[in-house]
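Hello,

Here is the structure I promised to pass on. My notes follow below it.

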Amino acid sequence: MEKSIIIDVYECNGCGSCVEICPEVFAMDEVEKACLIDSDVEITSKVEEAAAYCPKKCIHFE
Ligand code: SF4
């Protein structure tokens, strides 16, 4: 089964790094937490990069 992207919004500090790296997948919501533009997205190398650079390590794949 395809993995999906999970953002732990309790850990997210709203830094916006994931949006900067991969704006086609990540966005900021109205409370300044990261969210997914579309829940059914492919895990590309950009998505992996965004997860790797997340300072809170709160982007997971499950
Ligand atoms: S990089 Fe991590 S901490 Fe920063 S906005 Fe994205 S999910 Fe939140």
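**What was found**

Buried residues (under 20% relative accessible area; exposed is over 50%, partly exposed in between; 1.4 Å probe, protein chains only) make up 29% of the 62 residues in the protein chain.

This is a predicted model: local features need pLDDT of at least 70, side-chain atom pairs count only at pLDDT 80 or more, and totals for chains, interfaces and linings use all residues. Numbering starts from 1 along each chain as its sequence is written, and side-chain values use heavy atoms, without hydrogens and water.

The fold: the protein chain has two helices and four strands. Helices (H or I, at least four residues) and strands (E, at least two) are DSSP runs, numbered from the N terminus. The order along the sequence is β-α-β-β-α-β.

Contacts (heavy atoms within 4.5 Å) are next. Of those with a separation of 6 or more in the protein chain, 52% join residues 24 or more positions apart.

Charges: Lys and Arg count as positive, Asp and Glu as negative, with His and the chain ends not counted. Each charge is placed at NZ of Lys, CZ of Arg, CG of Asp or CD of Glu. The protein chain has 5 positive and 14 negative side chains, and the centres of the two sets lie 9 Å apart.

A salt bridge is a side-chain nitrogen of Lys or Arg within 4 Å of a carboxyl oxygen of Asp or Glu. The count is one. Glu 49 pairs with Lys 46, the closest N and O atoms being 3.6 Å apart. Both sit in helix α2 (residues 45-53), three residues apart, which means about one helical turn between them. Glu 49 is partly exposed at 31% relative accessible area. Lys 46 is partly exposed too, at 36%.

Best wishes
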